[in-house]
2 protein chains.
Amino acid sequence: MNECPIEITLNIISGKWKFLIIKELIDGPKRFSQLNRSIKGINQRMLTKQLRELEREGIIERKVYPQIPPKVEYSLTDLGEKLHPVLLTLHQWGVEYIKSKGVDTSYKECETKLQFTQKV
Amino acid sequence: MNECPIEITLNIISGKWKFLIIKELIDGPKRFSQLNRSIKGINQRMLTKQLRELEREGIIERKVYPQIPPKVEYSLTDLGEKLHPVLLTLHQWGVEYIKSKGVDTSYKECETKLQFTQKV
DNA sequence: CAGAATCCTCAAGGATACTG
DNA sequence: CAGTATCCTTGAGGATTCTG
């Protein structure tokens, strides 16, 4: 406690996956299996764990459709949507970094994705 | 490789300490011992390790003053300075989070610190 | 003062199998 | 489909000691 807001944010959105999950959900609600497919390298256990934690922090919402086979949709809450500027600046710096290293062209698809949903 | 810029950024500025170190250096160059004191909870080994990694990525610069006792100053490079917007959005979201939880008042000092150096 | 060198712990993360 | 339940590994991070 008595931490600065930056620390608070970092403690909440820590780990390898949370920001990537949030990035996926910026495009709109997605199902568990969709997330599992679009986030490369994650496995079911990790995805479940991270989703639960994000839910507990009030960043995402979990909506269960009572049907068989089950359908569960995850979406950003208002608080979660407010992470958009963070994603944008992280993205922009990533581009700067790539430029500064002289490497390029390898990030096209993610960039466009974020541009489309740019609200600010 | 072929990662999106967000992933690239997160991979580079990962771990528990890097953002906090960068935050300290936004106020201007600082000595090793200063950083060691102002970053609560870090120890020498970790500080050294993180500084080396940040240096290797071109985010900070290390300046040695050849004297006894030794003096070493760390500062942000241009690339490092460009992380300012990220720090700001992380900070802003932290404040939002605190508001949404109804907790407050415990972050005053860090906030002012960042306002002073706000360049954007 | 600014570190290098060791040693150690634990928890984040991963692999796999099973289920309503 | 959307998860649990186990078991396991690795390395991030920590504590301590020594030094030019």
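Which residue forms a salt bridge with Lys49(A), and how far apart are the closest N and O atoms? The partner is Glu53(A), and the gap between those closest atoms is 3.8 Å. Before going further, keep in mind that this is a predicted model.

Both Glu53(A) and Lys49(A) sit in helix 4 of chain A, which covers residues 44-56. They are 4 residues apart, and that is about one turn of the helix. Side chains of opposite charge can pair when their charged atoms come close. Counting over all chains, you'll find 10 salt bridges in the structure.

**Where the two chains meet**

How many residues of chain A are in contact with chain B? There are 39 of them, and they touch 39 residues of chain B. Putting the two chains together buries about 3400 Å², with carbon and sulfur atoms giving 76% of that area. On the chain A side, Pro5(A), Ile6(A) and Trp93(A) lose the most area to chain B, and together they make up 22% of what that side buries.

The interface between chain A and chain B has 2 salt bridges, and 11 residue pairs are in polar contact across it. You can look for a salt bridge between the side chains of Lys82(B) and Glu96(A), with N and O 3.6 Å apart.

So much for the pairs; now for the parts of chain A that do the touching. Helix 1, helix 2, helix 6 (84-101) and helix 7 (108-116) of chain A each bring at least two residues to the side that touches chain B. Helix 6 of chain A gives the largest share, 14 residues. Sort that side of chain A by class and you get 23 nonpolar, 8 polar and 8 charged residues.

**The largest pocket**

Rolling a probe the size of a water molecule over the atoms shows where empty space is left. The largest pocket has a volume of about 520 Å³. Its lining is made of 22 residues, and those nearest the centre are Ile13(A), Ser14(A), Gly15(A), Ser14(B) and Gly15(B).

Which helices each supply at least two residues of this lining? Helix 1 (5-12) and helix 2 (18-26) of chain A do, along with helix 1 (5-12) and helix 2 (18-26) of chain B. By class, the lining of the largest pocket splits into 10 nonpolar, 7 polar and 5 charged residues.

Finally, have a look at the prolines at position 69. In chain A, the peptide bond from Ile68(A) to Pro69(A) is cis, with omega near 0°. Pro69(A) belongs to the loop between strand 2 (60-65) and strand 3 (71-76) of chain A.

Now switch to chain B. The bond running from Ile68(B) to Pro69(B) is cis, with omega near 0°, and Pro69(B) is in the loop that lies between strand 2 (60-65) and strand 3 (71-76) of chain B.

How values were computed: Residues numbered from 1 in each chain as written. Chains lettered and ligands numbered in written order. Predicted model: local features only at pLDDT ≥ 70, side-chain atom pairs only at ≥ 80, totals over all residues. Heavy atoms only, no water. 1 Å grid on protein atoms, 1.4 Å probe; cavity = no way out; pocket = protein on both sides within 12 Å on 5 of 7 lines; lining within 4 Å. Points joined across faces, edges and corners; volume = space filled by probe spheres on them. Nonpolar A, V, L, I, M, F, W, Y, C, P; charged D, E, K, R; others polar. Contact = heavy atoms within 4.5 Å. Buried area = accessible area lost by both parts, 1.4 Å probe. Salt bridge = Lys/Arg side-chain N within 4 Å of Asp/Glu carboxyl O. Polar contact = N/O pair within 3.5 Å; in protein donor to acceptor, adjacent residues only side chain to side chain.
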